[in-house]
Amino acid sequence: MIQALIKSTGDRLKINHQKHKKDSDKITIIHPSAGVNWSGGSEIFAIEIARRLSTYFEVELLSGAECGDFSRISGGIPRAYTYDLINQPLVKNLVHRFANHPEIVIEHLTNFLPCFIHCLTNSTDLIFPCNDYGGLAVAAAVRAIKNTPIIYTEHNSLLAQGKCLRRNLRFSPDHLIVHNHKTAAFARNIKTNQQVSIIPNGVDLEKFTAQGSKIDFGLNTPVVLCVASLNRNNHKRVDLAINAVSHLPQASLVLCGDGPDKDYFQSQGDKLLGSNRFKICTFPFEKMPEVYRSADVFTLPSINEPFGFAYIEAMACGLPVVATNDEMRRYIIGSCGILCDVNNPQIYARSLSQVLQGESLLHPRKNAFRFSWDTVALKYRDVILNTIKKNL
């Protein structure tokens, strides 16, 4: 019923939109890692929003690899192609003196000229960079010459005390999109005249469902699932999940992800849980609905999470969630799980146990409908139309 309502509303808006336009406005989205890295939130966002916006506009996505009829190869080097090379011991000691993430710097530098030339020589009504300051630099350079407006979504929110947002506001996007009121207030405090909208990320409710095939992980049940990049230095704090599950007598933990510290987390899991209660797996994006359906509860104890696609994907597949108790998680998860002090292993473990025992009346799938990509795309459509209109 809800899906039918969303679809009919979207169809009406599409028809009304087409009635007052002779030709479709053209939107150029930039993300040189899209189609190469299928685990990154901004890459998934770029692909999904390009697919949904193509209902209303002529859309092209300058991507790292083919990821749909709307995609076009950007021309530079995606970060995933240089990651292994620059993290070799001898190379790493040299390049990390100049940048914390040199693979991203390489991606930005090598993609700047081909993306700039493409946007300059091909007519577009709006540029939508999704790859942080690299795409914003391209968009700002084109705008300086052709006055093409820019919208930008800040995926890092207030990570590192808003360092990324402060930097990106220097490019003066015509319209900034953030995920929560706190980030919006932060942006307006830095730049009082900045146009800001609050729009959440989305989930494909037809792909991520509670019904369908499952995977046998070969572990003791029940199964706790954590989806995250395996890096000790990021904000995901996977080690807290391993520690908490170790306090449960029967439950197992599946870590779905990859990263530079995979061996470290494998060692920790083997030590605290053992091979019959712990496993690290990696799966392609199209397999993820099956992964979620194969678990009993989802957890991610990250701190300062900008949004978290994994939470809404898990809920769409019917999984309750145990996570950090903060403003963003309260907004996303609500009553569809337990939010707790994940820094306390006993409290964290007890919360997992309560959810596994079904002590709460939970409706995660219903909650996930708040984040339907169809609904999210309509909000982006309105922002884009207004931004283009103001620029005429």
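I'll start with Asn131, which counts as buried because its relative accessibility is 4%, under the 20% cut-off. Keep in mind that this is a predicted model.

Where is Asn131? Asn131 sits in the loop that links strand E4 (126-129) to helix H6 (133-146). A polar atom of the Asn131 side chain lies 3.1 Å from the backbone nitrogen of Gly135. Leaving aside residues up to four places away in sequence, Asn131 touches Ile30, His31, Pro32, Arg79, Glu107 and His108.

Asp132 belongs to that loop between E4 and H6 as well. With 15% relative accessibility, Asp132 counts as buried. Its phi is near 65°, which is positive, and Asp132 is not a glycine. Most residues other than glycine have a negative phi. Ser172 also has a positive phi, about 50°, without being a glycine. Ser172 is in the loop between helix H7 (159-169) and E6, and at 28% relative accessibility it counts as partly exposed.

Next, the sheet. It is open, has three strands in the order E5-E6-E7, and the pairing is parallel. Which strands stand at the edges? Those are strand E5 (151-153) and strand E7 (196-198); each has a single partner strand, so one side of each has no neighbour in the sheet. From one strand to the next, the twist averages 20°. E5 pairs with strand E6 (residues 175-178) over three bridges, and Tyr152 has Leu176 as its bridge partner in E6.

Two helices lie across these strands. Helix H16 (residues 373-391) lies across E5, E6 and E7, at about 150° to E5.

On to the cores. The largest nonpolar core has 95 residues, and the members touching the most others are Ile29, Phe128, Leu253, Leu255, Tyr292, Phe298 and Tyr380. H16 gives the largest share of this core, eight residues. A second, separate core has 20 residues, including Cys119, Ala139, Ile150 and Leu176.

As for Phe298, its contacts beyond four places in sequence include Leu225, Cys226, Val227, Tyr292 and Tyr311.

One last item is a peptide bond. The bond from Thr221 to Pro222 is cis, with omega near 5°. Most peptide bonds are trans. Pro222 lies in the loop between E7 and strand E8 (223-227).

Terms used
Residues are numbered from 1 along each chain as its sequence is written. This is a predicted model: local features need pLDDT of at least 70, side-chain atom pairs count only at pLDDT 80 or more; totals for chains, interfaces and linings use all residues. Side-chain values use heavy atoms; hydrogens and water are left out. Helices (H or I, at least four residues) and strands (E, at least two) are DSSP runs, numbered from the N terminus. Buried means under 20% relative accessible area, exposed over 50%, partly exposed in between (1.4 Å probe, protein chains only). A polar contact is a pair of N or O atoms within 3.5 Å; within protein, one must be able to donate a hydrogen and the other to accept it, and residues adjacent in sequence count only if both atoms are side-chain atoms. Contact means heavy atoms within 4.5 Å. Two strands pair if DSSP finds at least two bridges between them. Axes are lines fitted to C-alpha atoms, for helices over the stretch in contact, and angles run from 0 to 180 degrees between N-to-C directions. A nonpolar core is a set of buried Ala, Val, Leu, Ile, Met, Phe, Trp, Tyr and Cys residues joined through side-chain atoms within 4.5 Å.
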